Amino acid sequence: MNTNEAISVVRVRNVLLVTMPADPDDSTITDLQARTLDAMSSQDVRGLVLDLSRVEILDSYFARTVSETAQMVSLMGGNTIIAGMRPSVAITATELGVTLGRTRTVMTVDRALDLAGQAPPRGKLQR
Amino acid sequence: MTLKIETVPGEHRDGDPKLPPETSQNLLQILTDNIKEYAILTLDTNGRVTTWPPAAERLKGYRKDEIIGKHFSVFYTKEDFESGKCDQELDIATREGRFEDEGWRVRKDGTRFWANVVITALRDAKGTLRGFGKITRDLTAKKQVEEMLRQQNRDVLEMATVPVVQVWEGILLVPLIGTLDSARTQQLMERLLHRLTETTSQVALLDITGVPTIDTQTAQHLIETIKAVRYIGAEVVLTGVRPAIAQTLVHLGVDLSSATTRASLASGLRVALKLLSLHVSAAEPSGRMEVQ
C-alpha cells in the first residue's frame, strides 16, 4: 500500500480524527471501519471526526461503510462528525441515496473540532 | 452580379513591375497586389488558381510558384472538400453570377482561419465564362470577438438561471424565479455547492417565491439539493413557501420535514442569522441596524 492510500487515525483532545486518502481502494475502506472501531474501544474518546476533504471519488461501498461506521460509533456511545465533503462527492452521495441519519456534517476539520469540544448535543444538531 | 472584363485570365500580367501605371487596369492590378485585408485572386473555369497576389500569400501561406495551377479546394477543410462544397460554390457562382460564404478555411501550414469568401463569375463581352474572381477576407478576429460575446451571454444567462448572491458573511441567497426543471435544478445544485465551499458559507437561503408551481419531480430535486448541501456541512433554509405551494407539497405527499422552511425571505434570513449565532438589534438614537 503506498502512503497516498493510507488512512491517518490521530487522537486530538477527546476525539478521534480519521483522515481518508484521495482515492481509497476497498481494502483501505475496510481498514477505516476496523481501525476506527478499535481506536474507539481502546481509547477514551468522545467521538469521531471523519475528514473527507481529500476524497475525490465516492462509490457505494465507501458510502455504505461511512454510514455504517457512524452508526457503529454511535452504538459505542460516540458521535460522528463528517468534515470537508467536496461538492462533487456530495452530489454523488445524494445520487447514491446515502443516509447519514443524525451524523453531523461540517465544512472544515477546524469547525468539527469546535463542535466536538462543545457539550454533548441534546438530540438536535447545534450550529 | 456578373463582372465583365476585357482580358481573359491567361493574359493577366499580375505582379509585373515594368507595367506603366497609367491605365485603370493597371491601377486595379496595383490594388489587388497591395491590399492587405483581402486576398483577391482569379481561378480558371475549372477552379484552378491563375493569379496569386502577395495578399493571398500572406493570408494563406502558399508561394505563387507552388499554387498557380492548383485547384482551389486546397483552401478548404477536409470535410468541406469531401462534401463537394468547392464544386457547389463554382456551380452557384456560374448560375447566379455570385456566391458568398463564411466559414473555416485552411492555410498551407494546416491552421484554420474564419473567412468571408465571395466568388464572382467572370465573363467576357460575349458572355462566355472565362473564370472566377475570388475574394477572401480573414475574419478570425471578428469571429473570436463574437465567440467571446456569446460566452458572456451564456454566463449572464447562467447567472439569470441560477443566481447565487452572498447576502452576509456565511449566508448565500438563491432567489429562484420561473419553472424549475431537472436541468436547471442540477445546475442549481452544482453552482450552490461550489459557491458555498468557495465562500465557506454555512447557510443557503433558497427562495422559491418566484417559482409558480411545484410538482413531485421538482420537490424531489429540491430535497436532493438540501441533502447535498447538508453533506458539505451547510444548511438550506427554504423560503417563500406560499400557501398554494404549501398545499401542493402536502397534497403531493412531499416530506420536507427534514428541511427548515419559512413563508417569507425575511423570516428565513432571521433563521440564517440565528444559525450563525448572530442577532440583529436596533442601535440607540439613530435607529441604525447593528449585527453582532
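In this predicted model, helix 3 of chain A (residues 87-95) packs against helix 7 of chain B (residues 182-198) at an angle of about 140 degrees, with the axes 9 Å apart. Helices here are DSSP runs of H or I with at least four residues, strands are E runs of at least two, and both are numbered from the N terminus. Axes are lines fitted to C-alpha atoms, for helices over the stretch in contact, and angles run from 0 to 180 degrees between N-to-C directions. That angle makes helix 3 of chain A oblique to helix 7 of chain B; under 35 degrees counts as roughly parallel, over 145 as roughly antiparallel, 65 to 115 as roughly perpendicular and the rest as oblique. On the chain A side, A:Pro87, A:Ala90 and A:Ile91 do the touching, and they meet B:Met189, B:Glu190, B:Leu193, B:His194 and B:Thr197. Contact means that the C-beta atoms of two residues, placed from the backbone, lie within 7 Å.

Taken as a whole, the interface brings 16 residues of chain B into contact with 11 of chain A. Helix 7 and helix 8 (216-231) are the chain B elements that give two or more residues to it. The chain B side comes to 7 nonpolar, 5 polar and 4 charged residues.

As for chain B itself, there are 10 helices and 12 strands, and 27% of its 292 residues are buried. B:Leu252 sits in helix 9 (residues 243-252) and is partly exposed, with 14 other C-beta atoms within 10 Å (20 or more would be buried, 12 or fewer exposed). Beyond its neighbours within four places in sequence, B:Leu252 is in contact with B:Thr216 and B:Ala219.

Residues are numbered from 1 along each chain as its sequence is written, while chains are lettered from A and ligands numbered from 1 in the order written. Because the model is predicted, local features need pLDDT of at least 70 and side-chain atom pairs count only at pLDDT 80 or more, whereas totals for chains, interfaces and linings use all residues.

Conventions: Nonpolar A, V, L, I, M, F, W, Y, C, P; charged D, E, K, R; others polar.
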